[in-house]
Amino acid sequence: MGRFTTWFYRMGSPRWFFDLSRPWLVGFLVAGIVLLTVGTVWGLGFAPPDYQQGDSYRIIYIHVPSAHLAEALYVAMGVAGIVVLVWRMKLADMFIAVTAPVGMAITGIALLTGAIWGRPTWGAWWVWDARTTSVLVLFFLYVGIMALRQAIPRADQAGRAAAVLAIVGTVNVPIIKYSVDWWLTLHQPASITFTAAPAMPPSMWVPLLVNFLGFYSLVAAFLVAGLRNEVLRREADAQWVRDWVGRS
Amino acid sequence: MNIAVAQVRRDFLVAFHARADAVHPVAFFALTVVLFGLGMGPERHAMGALAPGMVWVLALLATMMATEGLFRRDFEDGTLEQLLLHGRPLFVAVLAKLFAHWCVTGLILTALSPLAGLMLQVPPEGLPVLAASLALGTPALTLIGAIAAALTVGLGRGGVLAAVIALPLFVPVLIFGAGASLSAASGASPAGELLMLGALLAAALTLAPFAVGLALRVSQEY
């Protein structure tokens with residue numbers, strides 16, 4: 001077996017993950033807090049004001065990373081859903097269980113900051129614009145996954161049902177995105193893409209990048225912490241969990 | 001192909017003997033149209049501009065209601081287990097089942113939609129497009145709603161849950177369906193929206209039965 005295959009099968013073992021993940025948790029948490037502090041202070045205090053929007057644009061340092069994560073986390077759940085159905089990997093199922101509430105919260109932050117930003121720039125808290133609508137739908141997709149999981153009593157079955165829904169939802173995310181894109185769109189197009197140079201000066205986008213990485217690290221820390229709790233909860237009857245609880 | 005014919009024939013027979021199942025969504029649709037008519041007040045002009053969208057939302061809700069219990073009877077009497085065990089392609093069986101179901105729900109709603117549109121003051125030139133968009137849209141809604149129905153079939157009170165799961169997935173169909181009807185009612189060409197609606201239906205026809213089969217297999221283990 002190749003190195004990757006071994007790693008892959010090991011990842012399927014909740015215990016292995018639990019033993020290994022403590023330094024990850026600390027690392028992500030420290031990185032997240034440091035990066036977010038630096039990026040937020042830099043973005044809110046030192047980056048130059050926008051020539052049109054003045055200071056109100058500064059909410060971009062919270063809004064854009066959270067909106068990006070909202071979609072990325074859903075796609076990650078879809079990938080985990082395939083892993084659940086094909087390999088029946090317990091850890092992937094736990095990943096969906098842990099990611100759904102975190103993703104919902106992040107989507108909520110994206111919607112809330114979007115509304116706050118929309119008030120001074122568009123003159124309205126809410127508009128039925130392409131991207132706001134697709135993020136709102138994304139929020140309800142997260143709600144659906146959580147509701148389905150909670151309604152099914154048996155954990156493994158809830159996991160597989162949620163996996164099917166996560167895959168169906170992931171197929172739908174681009175369809176929803178493009179269908180609402182056909183409307184008259186008020187939202188500006190993406191300001192930073194991988195394919196083109198950013199449309200803003202480095203003094204603006206560097207703190208944004210720092211906050212981006214900070215958001216990713218902090219969410220990764222949340223996910224690792226949630227996964228560790230989930231492992232302990234599911235394996236509560238196992239001897240190694242009892243030993244671990246006895247030791248700590 | 002035999003399996004498809006047998007499934008459609010069997011489901012039509014069941015539908016004929018359980019006529020109430022087909023009547024309830026239609027009655028729901030008719031009643032909500034009346035309620036909307038009353039709730040909006042007698043202002044004719046205000047209503048006409050919004051009416052195609054309203055008819056679409058009401059038809060969508062009625063389809064959701066009808067689809068939610070799609071597999072429940074089969075699940076309770078064990079037919080669903082046989083469907084999963086018979087070893088023939090589940091894709092075909094599911095597609096046939098959904099076709100039969102659509103014939104007694106979505107098709108009737110589509111046929112009634114011009115009447116509902118008239119009652120809600122849709123301009124006459126918008127009525128054919130309203131019906132055409134529903135003819136393309138309700139099968140897509142049935143296919144997508146069936147995924148939610150299949151995921152929740154084993155749960156006692158799955159109704160609202162199925163709606164919570166399915167309604168966000170309905171968004172693209174609603175956008176293009178209502179969009180086509182609204183364009184036609186305001187005199188613009190609805191061709192683009194109708195083509196997109198057809199594309200959505202084609203995608204749903206090819207992908208949704210797989211998801212429904214997968215969901216049924218998961219649910220059968222309750």
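Which elements does chain B run through from the N terminus on?

**View 1. The elements of chain B in order.** From the N terminus on, chain B of this predicted model runs α-α-α-α-α-α-α-α-α-α-α.

**View 2. The overall dimensions of chain B.** Along its principal axes, the C-alpha atoms of chain B fill a box of roughly 55 × 30 × 30 Å. How does the radius of gyration of chain B agree with that of a compact globule? A compact globule with 222 residues would have a radius of gyration near 17 Å, and chain B has 18 Å, which agrees.

**View 3. Inside chain B.** Here we look at burial and contacts. Of the 222 residues in chain B, 48% count as buried. Now take the contacts in chain B between residues at least 6 apart in sequence: 81% of them join residues at least 24 apart.

**View 4. Where chain A meets chain B.** How many residues of each chain are in contact here? In this view, 21 residues of chain A are in contact with 19 residues of chain B. On the side of chain A that touches chain B, α5 (130–151) and α6 (155–181) of chain A each supply at least two residues. The largest share of that side comes from α6(A), with twelve residues.

**View 5. The residue classes on the chain A side.** Let's sort the side of chain A that touches chain B by class: 16 residues are nonpolar, four are polar and one is charged.

Methods. Residues are numbered from 1 along each chain as its sequence is written. Chains are lettered from A and ligands numbered from 1 in the order in which they are written. This is a predicted model: local features need pLDDT of at least 70, side-chain atom pairs count only at pLDDT 80 or more; totals for chains, interfaces and linings use all residues. Helices (H or I, at least four residues) and strands (E, at least two) are DSSP runs, numbered from the N terminus. The radius of gyration is taken over C-alpha atoms; the globule rule is 2.2 Å times the number of residues to the power 0.38. A residue is buried if 20 or more other C-beta atoms lie within 10 Å of its own, exposed if 12 or fewer, and partly exposed in between; C-beta atoms are placed from the backbone. Two residues are in contact if their C-beta atoms, placed from the backbone, lie within 7 Å. Ala, Val, Leu, Ile, Met, Phe, Trp, Tyr, Cys and Pro count as nonpolar, Asp, Glu, Lys and Arg as charged, and the others, Gly among them, as polar.
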